Amino acid sequence: MTQQIIPGFAPRDARPKEQIVVFAIGEYSFVISASAVQEIRSTDSLGGNIVELERPVLRKVRHVVERDSHSYYVVSGYEHFRLPLSRPTSVLILRNVPAAVLVDRIEEMAEMRVLLGLPRTFCGEERTWYRGLTVVARKVVPVAEPRGFLTSEELRQLEAANPGLLQRVAHSAKTLRQQRERV
Amino acid sequence: MNREYNNGVPCFVVFQVGSRRVALPRESVAELIASPQLFAFPHTTPIIAGVVLRRGRILPVLDLGPGVSGGASPSTRFFLVVERRISGATEKCAIPVQGACELVSGIMFPGADNVDFVVGRLDLNGDQIDVLDLEKAIATCSRSQDETAGVTEVLS
């Protein structure tokens, strides 16, 4: 017997959904969970909030940016993924990770319904970079691991070379803001 | 009849990597697929050219060209799906192939060349076809890509 079709009631996809941001660096698209992103800004709007690192120990991190009394290491997306030089126009300020990632462009906001594990054959840095793979608009796209942009070891190196810098930048920005408010 | 043997004679899948025809034992090959698209994304594992989607599963694409035929394989939509044992589990991978694949049965003779990834040789109507040890071929390809990457880094 065929199942009766009730007009207006489409079969519901019960798979869990995750809101994602699809971004691009160079010719590649990536996905990151929207819940891992605090804010998306244009690189033009960061201007005065950027401080150069005193000792850049990582090629991909040269600056610190301050946003809302918090400081973030600015991670070059193309350097992180070992891609050729690109032209970032947007920055993803991450939640729960002191990193702001420079990307070329935001492609769309979408929903992820499936997260496929990275095959075991992949045995390089991509195991740190990605949570897995997903399919967006019939394309297989890697899902970025937010904590992969700056590993705990990389954070330790940055802090060791630039002790207290994150806190100082956040504090001085806060002080400046308070002075402006008084004026 | 066992599919890996034809009247007691072992079976092999003969395929083309770049300009070279090689063979794998039948039991290591799962299927030949046509995939419309190869998806590439950044990674640092040598030999992986990208992934293809097959029945909702992701298959990494391993290009044997650099080690087996001396250069990257031309783009293709045909892939030989092989099974590998990695970290105690079985994983399917896809190998890009050019031209036709054949299932043949024959006796494997010891290889004449001193190449570690060649385990033997088939005589197919006078054509000498090398039979590969897949894991050793993958290791050789990875090494050759690592060396190329090293040279590129030195030059850049």
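Student: What percentage of the 183 residues of chain A count as buried?
Tutor: The share is 31%. A residue is called buried if 20 or more other C-beta atoms lie within 10 Å of its own, exposed if 12 or fewer, and partly exposed in between, with C-beta atoms placed from the backbone. This is a predicted model, in which local features need pLDDT of at least 70 and side-chain atom pairs count only at pLDDT 80 or more, while totals for chains, interfaces and linings use all residues. Residues are numbered from 1 along each chain as its sequence is written, and chains are lettered from A and ligands numbered from 1 in the order in which they are written.

Student: Why is A:Phe23 called buried?
Tutor: A:Phe23 has 23 C-beta neighbours inside 10 Å, and the cut-off is 20 or more, so A:Phe23 counts as buried.

Student: What is A:Phe23 in contact with, leaving aside its neighbours within four places in sequence?
Tutor: Its partners are A:Phe30, A:Ile32, A:Leu92, A:Val103, A:Arg105, A:Ile106 and A:Glu107. Contact requires C-beta atoms, placed from the backbone, to lie within 7 Å.

Student: In which strand is A:Phe23 found?
Tutor: A:Phe23 belongs to β1 (residues 18–25) of chain A. Strands (E, at least two residues) and helices (H or I, at least four) are DSSP runs, numbered from the N terminus.

Student: What makes β1(A) and β2 (residues 28–33) of chain A a pair?
Tutor: Pairing needs at least two bridges found by DSSP. β1(A) and β2(A) have six, in the antiparallel sense, and A:Ile25 has A:Tyr28 as its bridge partner in β2(A). Their hairpin has two residues between the strands, and A:Gly26 takes a positive phi near 60° there.

Student: What makes a nonpolar core, and how many residues has the largest?
Tutor: A core is a set of buried Ala, Val, Leu, Ile, Met, Phe, Trp, Tyr and Cys residues joined through C-beta atoms within 7 Å. The largest has 79 residues, and A:Val75, A:Ala99, A:Ala100 and A:Val101 have the most contacts inside it. Beyond four places in sequence, A:Ala100 is in contact with residues including A:Val65, A:Tyr72 and A:Ile93.

Student: How many residues of chain B are in contact with chain A?
Tutor: 16 residues of chain B are in contact with 17 residues of chain A. On that side of chain B, β5 (48–54), β6 (57–62) and β8 (89–96) each give two or more residues.

Student: Where in chain B does pLDDT stay under 50?
Tutor: pLDDT, the predictor's confidence in each residue from 0 to 100, stays under 50 over residues 151–156 of chain B. The model has zero contacts beyond four places in sequence for that segment. Chain B as a whole averages 86.

Technical notes. Contact = placed C-beta atoms within 7 Å.
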